[in-house]
Amino acid sequence: MSLDDAIETVLQKVLRRIRPTEEERAFVEGLMRELEEIARETIEDLGLDVKPYFVGSLAKDTYLAGDHDVDLFLAFPLDTPLEELREEGLRLGKAIAERLDSHEVAYAEHPYVRATYRGVKVDLVPCYDVESWRDVRTAVDRSILHTKWVNEHLNGRNDDARLLKRFLKGINAYGSEIYVRGFSGYLAEILVIKYGSFLEVLENADFMLRQKVIDPGNWLKREHGTAMKTIEREAEADRPLIVIDPVDPRRNVAANLGWEKYGRFYFKAHQFLENPSREFFFPETRKSGSYLAELRRKGTHLVTLVFKVQELVDDLLLPQLERSARGFERALSREGFNVLGWNVGRKSGKAFIMLEVDRRDRERVTIKPGPEFFTERGRDFYLKNERVWLVGKRLHAEKRVKESILEVIEELLKKNAVALGKGIRENVKRAEIVLDYVPKELEDEAYLFLTREKWSLK
């Protein structure tokens, strides 16, 4: 079998798993009709001038089999004051949700309602009824334009979009959330439209990185000044890609895409084209092992902080955990410990920070260089320290320090000497801190972290 035939065989097998069946399509279409009818009736009952729009992968027919989350946007006239949109949008969302199965209020740029209906998640999001990028008032308004643009340009390549989304999920590079920093579904759809197919997107993994700027809406000709400002801003931020939003020249669709996730796509694309396999789309469950054996093999040590957090959503929690881990990395480095890597997350209702370090203890004393002896600071240094001597004209002193890394961390936290995420600072200070041991529910996480299997490219 030729390589081309092998690739085609794999893609056909994958498509059979990810392409919705006729029965599934009928369910989704019926669900959307019912939701639209409920929304329109509720809008009329409340006497509002609002149009319901379906957006997202269901509205574009790029959803994967079994993934039926509904995004129903409630579009208010452009002359609606923002505060009124927020209040009336929430009131309308709640009124619609009362006729569904269950609901809760969630918060983004403004409050919206998350509901469930017939076992499917339904987001009811207020927005403005925009017709162009110049009308956009809030971050969610563009979604209506995105859906319209994709539907106008996809031209039957829906399965290619499905393949790319499933590939990105399989290689752990999907999701534009700030704690993921991967490819959004919309970005995947744009790339399929730009390059023509799933395989051509993979074949261009190197080219698009070197080209840097992708302009599917031709904004560099239509709105050159605005598009150039976007390019200059994003180039300064060192993004892997700059994909000018085809519906808004002010926005980079790939703004949240991080280098690590693009790097995963870059390597995995080449690997798939050379050795195609379904595992790129549906990876086997990672093999687990003993994190203690891995520590013995490497001769390193593992510090783990486990603590309770209030019900913060991952979008808010995980960036603060990352900030805190980097804070520990810097603080421990100043104290003479080398942090070889860190890992953060949430498990069983608790947050954790793991730090792999080069040693568990340090020397009992450190040599502290001081100022020149004839200065005011030199006199203070001389009075504050016990063992003091001169090296040239500078004073030096011997300082006793905590030996154990656990004692050092406790001292650092007590002195507020670690840069921690603002919303979890007090939680971290009350954390349980353990060395070379993790609670049972974190054993697999510790193993995947220490082996780097969690992020492994090969």
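This is a predicted model: local features need pLDDT of at least 70, side-chain atom pairs count only at pLDDT 80 or more; totals for chains, interfaces and linings use all residues.
The protein has 458 residues, of which 48% are buried. Its secondary structure consists of 18 helices and 14 strands. Taken along the principal axes, the C-alpha atoms fill a box of roughly 80 × 65 × 50 Å. The accessible surface is about 23700 Å², and carbon and sulfur atoms contribute 46% of that area. Among contacts in the protein with a separation of 6 or more, 67% are between residues 24 or more positions apart.

Helix H1, formed by residues 3–18, packs with helix H6, formed by residues 158–170. The angle between the two helices is about 90 degrees, and their axes are 10 Å apart. H1 is therefore roughly perpendicular to H6. On the H1 side, the contact is made by Leu11, Val14, Leu15 and Ile18. H6 contributes Asp159, Arg162, Leu163 and Arg166. Classed by residue type, the contact of H1 with H6 comprises five nonpolar and three charged residues, with no polar ones.

An open sheet is built from four strands with antiparallel pairing, in the order E9-E10-E8-E14. Strand E9 (339–347) and strand E14 (432–435) each have a single partner strand, so these two edge strands are without a neighbour in the sheet on one side. On average, and with direction ignored, neighbouring strands of the sheet are turned by 15 degrees against each other. Within the sheet, strand E8 (residues 301–308) and strand E10 (residues 350–357) form an antiparallel pair with eight bridges. In this pair, Lys308 stands opposite Lys350 of E10. Two helices are also in contact with strands of the sheet. Helix H16 (residues 405–414) packs on the sheet and touches E8, E10 and E14. The direction of H16 makes about 155 degrees with that of E14. Helix H18 (residues 443–450) lies across E8, E9 and E10, and runs at about 35 degrees to E10.

Strand E4 spans residues 111–117 and is largely enclosed by the rest of the structure, because five of its seven residues are buried. Tyr117 has Val120 of E5 as its bridge partner. Two residues lie between the strands of this hairpin, where Arg118 takes a positive phi near 55 degrees. Leu390 has Leu395 of E13 as its bridge partner. The hairpin of E12 and E13 also has two residues between the strands, and Gly392 adopts a positive phi near 65 degrees.

Ser184 is located in the loop between H6 and helix H7 (185–195). The relative accessible area of Ser184 is 14%, which means that this residue is buried, the cut-off being under 20%. When residues up to four places away in sequence are not counted, Ser184 touches Tyr174, Ser176 and Val253.

Key:
Residues are numbered from 1 along each chain as its sequence is written. Side-chain values use heavy atoms; hydrogens and water are left out. Axes are lines fitted to C-alpha atoms, for helices over the stretch in contact, and angles run from 0 to 180 degrees between N-to-C directions. Angles under 35 degrees count as roughly parallel, over 145 as roughly antiparallel, 65 to 115 as roughly perpendicular and the rest as oblique. Contact means heavy atoms within 4.5 Å. Ala, Val, Leu, Ile, Met, Phe, Trp, Tyr, Cys and Pro count as nonpolar, Asp, Glu, Lys and Arg as charged, and the others, Gly among them, as polar. Buried means under 20% relative accessible area, exposed over 50%, partly exposed in between (1.4 Å probe, protein chains only). Accessible areas come from the Shrake-Rupley method with a 1.4 Å probe; for residues, only the protein chains shown count as cover. Two strands pair if DSSP finds at least two bridges between them.
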